[in-house]
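Open the structure in your viewer and keep the selection tool ready. The stops below say what to select next and what is there.

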Amino acid sequence: MATAPSSIELRNVSKNYLGSEAVDSVSINIHKGEFVVLVGPSGCGKSTILRMIAGLEQPTSGEIFLDGKDATSLEPKDRDIAMVFQTHALYPHMTVLQNLEFGLKLKGHYSSSEIRERVRETVEILDLEPILDRKPKHLSGGQRQRVALGRAIVRKPRIFLFDEPLSNLDAKMRNQMRVEFGRLHTRLQATMVFVTHDQTEAMTMGDRIICLADGRIQQVGTPMELYSHPANEFVASFIGVPPMNIFAAQWTKDGLFFEKAGASFPVSPNFAAMFRTMPRVLIGVRPEFFTVSSASPKSIPVTVEVIEPLGSETLLYTQCNDLSLVVRVSPLAKYEVGEKLYLSLDECNIHLFDISTGAGLL
Ligand code: ADP
Ligand code: MG
């Protein structure tokens with residue numbers, strides 16, 4: 001079911017509500033046929049951006065281009081965009097089939113054979129055949145969400161906008177639907193913008209992720225770029241579960257002094273050179289980059305406080321004086337609560353952030 005996808009460009013788009021910037025000078029370039037995830041905490045401006053792309057909201061300043069044409073003041077109905085929300089708007093008195101047909105019939109310019117063909121394709125894509133005669137109240141949450149998606153697909157829009165469509169589903173259904181969205185994108189080849197506050201959805205679904213906080217873009221990149229090279233402390237702690245360990249350190253003659261741990265960690269002269277102008281920094285280490293080692297000047301002594309076996313991996317919540325460190329270890333290794341361990345880390349896996357601005361330094 002081919003659609004002709006559109007590109008989307010936002011140029012310095014801002015939206016002011018009641019004197020504060022819900023969206024602050026956001027510039028985004030989304031290519032034709034791309035699957036982009038807009039991720040950030042609740043209230044950071046994600047829905048406002050989607051609503052401006054759909055034309056349901058006007059930017060206070062800035063421009064929006066669809067397929068290279070200025071669409072800033074285009075009516076929503078002339079944008080050829082379908083939006084799917086968290087709460088799926090189905091007509092309760094209509095069957096699934098009628099729900100799928102209704103939007104097309106309302107438009108008035110599709111023949112009944114065209115409607116039948118579009119519905120048939122959509123039913124096949126989403127596997128809706130077994131539930132076509134049911135009314136929404138006899139459907140599960142996941143089925144309702146599939147029908148809501150179907151109502152968007154029958155329209156063959158040039159752009160799909162999804163606003164947290166999986167938030168109301170249980171964990172198992174969310175995982176299943178994440179995979180379905182991937183398949184759907186491959187099959188439809190349409191431009192898709194998917195909004196979520198859930199970093200796992202962002203990491204697993206997007207070709208590219210746009211990470212937002214306080215109405216501003218923090219970083220744009222592939223999931224692995226954001227994970228491996230976070231632009232700042234916000235992205236570093238937002239992307240990744242459990243989050244990156246981030247703590248303050250000072251440069252002393254003995255190496256890096258981890259303040260809360262009261263312990264020093266020797267580093268190479270090259271690494272040390274970075275601290276000449278910046279004696280105090282934030283250090284970031286992902287839980288998987290510690291290695292449990294033997295006692296040495298290059299290791300940090302910790303005590304295991306909590307053990308979380310997750311099946312495919314085990315998390316150790318450890319403590320070194322006032323410094324808490326989460327460590328990811330193999331599920332096959334045996335540890336005990338209260339056990340003393342030594343952690344070492346490779347300096348090439350250390351992230352550094354400016355202690356006052358949070359900006360990445362490496
Ligand atoms: P998100 O979708 O990321 O949770 P929103 O885009 O809904 O965030 O909201 C961003 C900010 O704008 C929030 O502080 C919200 O309270 C505010 N906001 C959104 N819509 C309106 C509105 N119609 N009137 C006033 N403030 C609004
Ligand atoms: Mg929202």
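Select ligand 1 and its shell, meaning the residues with a heavy atom within 4 Å of the ligand: the shell holds four nonpolar residues, five polar ones and one charged one. In this count Ala, Val, Leu, Ile, Met, Phe, Trp, Tyr, Cys and Pro are nonpolar, Asp, Glu, Lys and Arg are charged, and the others, Gly among them, are polar. This is a predicted model, where local features need pLDDT of at least 70 and side-chain atom pairs count only at pLDDT 80 or more, while totals for chains, interfaces and linings use all residues. Residues are numbered from 1 along each chain as its sequence is written, chains are lettered from A and ligands numbered from 1 in the order in which they are written, and side-chain values use heavy atoms, with hydrogens and water left out.

**Stop 1: the ligand**

To show the shell, pick Y17, A22, P41, S42, G43, C44, G45, K46, S47 and T48. Now look for polar contacts, which are pairs of N or O atoms within 3.5 Å; within protein, one must be able to donate a hydrogen and the other to accept it, and residues adjacent in sequence count only if both atoms are side-chain atoms. A polar side-chain atom of T48 is 2.5 Å from an oxygen atom of ligand 1. From the backbone, an N or O atom of G45 lies 3.0 Å from a ligand oxygen, and a polar atom of C44 lies 3.2 Å from one. Of the 560 Å² of accessible area that ligand 1 has on its own, the protein covers 57% (Shrake-Rupley method, 1.4 Å probe; for residues, only the protein chains shown count as cover).

Which helix gives the most to this shell? Select residues 46-54: helix α1 contributes three residues. Helices (H or I, at least four residues) and strands (E, at least two) are DSSP runs, numbered from the N terminus.

**Stop 2: the six-stranded sheet**

Next, colour the open sheet with the order β6-β7-β8-β3-β9-β10, whose pairing is mixed; two strands pair if DSSP finds at least two bridges between them. At the edges are β6 (81-84) and β10 (216-221), each with a single partner strand, so one side of each has no neighbour in the sheet. From one strand to the next the twist averages 15 degrees. Angles run from 0 to 180 degrees between N-to-C directions, with axes fitted to C-alpha atoms, for helices over the stretch in contact.

Zoom in on β9 (residues 208-213), which runs antiparallel to β10 and is joined to it by five bridges.

Then select α5 (residues 171-188), which lies across β3, β7 and β8 at about 160 degrees to β8.

**Stop 3: the four-stranded sheet**

This open sheet has the order β2-β1-β4-β5 and antiparallel pairing. Its edge strands, β2 (20-30) and β5 (69-70), each pair on one side only. Seven bridges link β1 and β2, with E9 facing N29 in β2 as bridge partner. In their hairpin, two residues separate the strands, and L18 takes a positive phi near 45 degrees.

Definitions and conventions. Contact means heavy atoms within 4.5 Å.
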